[in-house]
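Here is my note on the two-chain model, written as numbered points. Please keep the structure open while you read.

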Amino acid sequence: PIQHFPCPPQAPAVNTYYAANLSSASTSSLPVGIPSSSSPRPTTAAAAMLLTKPQLSSSLLASTPLFNPTSNPNHAKPIAASPSPRRRLRISAASTAVSPGATALSRVDVLSEALPFIQRFKGKTVVVKYGGAAMKSPELQSSVIRDLVLLSCVGLRPILVHGGGPEINSWLLRVGVEPQFRNGLRVTDALTMEVVEMVLVGKVNKNLVSLINLAGGTAVGLCGKDARLITARPSPNAAALGFVGEVARVDATVLHPIIASGHIPVIATVAADETGQAYNINADTAAGEIAAAVGAEKLLLLTDVSGILADRNDPGSLVKEIDIAGVRQMVSGGQVAGGMIPKVECCVRALAQGVHTASIIDGRVPHSLLLEILTDEGTGTMITG
Amino acid sequence: MEGVACLVGECGLLLQAVCAVLSRTRGVRSNSSTEILQGLLEMGIRGVTVSDVRGYGAQGGSTERYEGSEFSEDTFIAKVKMEIVVCKEQVEPVIDKIIEKARTGEIGDGKIFLIPVADVVRVRTGERGVHAERMIGGLSDKLPPVITIS
């Protein structure tokens with residue numbers, strides 16, 4: 001099936017296409033298990049396109065990246081790109097046509113417009129925390145994996161940190177243990193900790209590694225224990241919650257050769273303390289500290305909400321960009337509450353330690369990673385230092 | 001000579017060094033110190049001395065996070081020290097600007113020390129005192145002139 005997204009000219013919509021090889025009909029609609037045999041070629045194809053059509057500057061891209069995920073999930077994965085470094089809306093000059101000639105042109109246009117972003121972030125490290133709905137739905141999962149591989153191909157250095165709550169619950173039930181939560185945090189006794197470690201490090205982690213490999217990248221699966229990447233200490237409420245840990249120390253030495261050689265580290269946030277006792281660490285927190293330790297340019301947290309909303313009841317009140325002082329004000333003013341507070345705090349901690357931007361993005365939107373990194377508008381809330 | 005003696009006496013009251021010791025964020029891209037320097041430049045402060053130092057400071061038992069790891073009382077962490085000599089009137093705006101740019105709310109934001117300066121000498125011309133401290137096009141040119149009653 002031809003992958004086209006219908007674009008009514010009056011409504012701004014996001015319509016772009018990957019480099020020719022990636023968006024070819026055969027690969028796009030299949031589940032991630034099918035290897036993309038053309039994956040080594042896109043970089044040279046993209047480079048060739050960029051070199052041969054340097055004058056393409058007409059923006060045919062729409063202003064808003066809002067994409068309706070419920071309308072036909074089998075369709076193409078749109079990304080929007082615009083070259084201007086400031087966050088302002090851009091009006092689409094041309095609508096995307098269905099004819100093949102226009103398709104090729106629009107694809108090349110889009111790629112050309114992504115160039116400034118690629119240049120800005122080339123060689124920079126990006127830490128992505130992966131969880132929530134993006135992890136549960138196969139289509140969203142495949143879109144995140146392909147995005148990671150694409151970013152790795154164009155020169156960014158992604159690091160994937162993941163959680164895995166639902167899988168843990170289902171395996172606990174299989175073992176005959178009832179999952180317990182207190183105030184939204186999992187109660188982790190010794191048996192639960194064993195199951196958590198096995199599921200996170202053994203199943204979820206290796207599954208993601210395999211998916212990245214199939215998509216054409218090369219992944220290395222690690223947990224906090226490997227090379228003492230993360231050293232844990234019991235969190236203050238460990239008495240009530242069991243083996244829930246905080247990050248005491250991060251030693252990112254092992255990550256440098258991995259990302260330097262073009263591999264993608266996939267990190268499960270199970271770590272040991274000084275005595276070797278395993279702890280489960282919240283993936284958001286661990287992602288923030290890992291980002292600080294490697295000197296990442298960006299931290300991206302994939303969530304199940306569209307970002308920080310100025311008014312909780314108004315989905316249109318998305319805060320696109322905010323600084324540390326502003327976000328602290330929102331927390332103290334009660335506009336940021338509940339599960340968003342730990343995410344915001346982990347972003348602030350990462351920013352205080354030198355990460356340039358921390359974003360909370362909507363994982364339910366396909367290609368949210370590309371939207372956030374390669375476009376002006378982004379797809380969530382970006383917090384700057 | 002009486003004039004010079006007066007000038008030296010005035011300097012002690014008029015010139016202050018604002019010495020800020022701040023957490024040094026990651027490696028080459030110490031983005032927060034660049035932002036602070038940008039901010040100072042925008043407001044007209046055109047002379048700063050920046051040094052890379054190490055330091056620690058106990059915060060009542062809480063730990064400071066640097067590059068993902070927690071550091072407690074007696075382990076050195078890399079810091080950035082900025083020294084700015086200004087006239088007394090400019091001290092508060094400079095402090096406000098540094099805090100505005102550098103504050104994150106996390107432990108490790110740093111401290112500012114105000115140190116009186118006895119005298120300033122410009123090596124090239126031999127000028128001393130307030131004239132030596134003043135830079136053309138800087139903040140003192142932007143602020144309304146201060147009339148001292150002597």
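**Notes on the model**

1. Start at the interface. The rule finds three salt bridges across the interface of chain A and chain B. A salt bridge here is a side-chain nitrogen of Lys or Arg within 4 Å of a carboxyl oxygen of Asp or Glu. In one of them, A:Arg233 meets B:Glu70 through their side chains, at 2.6 Å from N to O.

2. A word on the source. This is a predicted model, where local features need pLDDT of at least 70, side-chain atom pairs count only at pLDDT 80 or more, and totals for chains, interfaces and linings use all residues. Residues are numbered from 1 along each chain as its sequence is written, chains are lettered from A and ligands numbered from 1 in the order in which they are written, and side-chain values use heavy atoms, with hydrogens and water left out.

3. Polar contacts come next. Nine residue pairs, both at pLDDT 80 or more, are in polar contact across the interface of chain A and chain B. On the side of chain A that touches chain B, the elements giving two or more residues are strand E7 (244-250), helix H10 (283-294), helix H11 (324-332) and helix H12 (340-352). A polar contact is a pair of N or O atoms within 3.5 Å; within protein, one must be able to donate a hydrogen and the other to accept it, and residues adjacent in sequence count only if both atoms are side-chain atoms. Helices (H or I, at least four residues) and strands (E, at least two) are DSSP runs, numbered from the N terminus.

4. How much area is buried between chain A and chain B? The answer is about 1,600 Å², with carbon and sulfur atoms giving 41%. In chain A, the residues losing the most area to chain B are A:Ala352, A:Gln353 and A:His356, together 28% of what that side buries. Buried area is the accessible area (1.4 Å probe) that two parts lose on being put together, summed over both. Chain A brings 23 residues to the contact, and chain B brings 14 residues. Contact means heavy atoms within 4.5 Å.

5. Now chain A as a whole. It has 13 helices and 14 strands. Of its 385 residues, 55% are buried. Buried means under 20% relative accessible area, exposed over 50%, partly exposed in between (1.4 Å probe, protein chains only).

6. Look at A:Thr125. This residue sits in strand E1 (residues 125-130) of chain A. A:Thr125 is buried, at a relative accessible area of 9%. Leaving out residues up to four places away in sequence, A:Thr125 touches several others, including A:Arg157, A:Ile159 and A:Ile259.

7. In chain B, follow strand E5 (residues 77-87). Strand E1 (residues 15-23) of chain B pairs with E5(B) in the antiparallel sense, over nine bridges. Strand E2 (residues 49-55) of chain B also runs antiparallel to E5(B), joined by seven bridges. Two strands pair if DSSP finds at least two bridges between them. B:Met82 in E5(B) stands opposite B:Ala20, and B:Met82 is also the bridge partner of B:Val50.

8. Check two backbone angles. Most residues other than glycine have a negative phi. A:His367 has a positive phi of about 60 degrees. A:His367 lies in the loop between strand E13 (357-362) and helix H13 (368-374) of chain A, and is buried at 0% relative accessible area. B:Glu67 also has a positive phi, of about 55 degrees. B:Glu67 is in the loop between strand E3 (64-66) and strand E4 (69-71) of chain B. Is B:Glu67 buried or partly exposed? B:Glu67 is partly exposed, with a relative accessible area of 22%.
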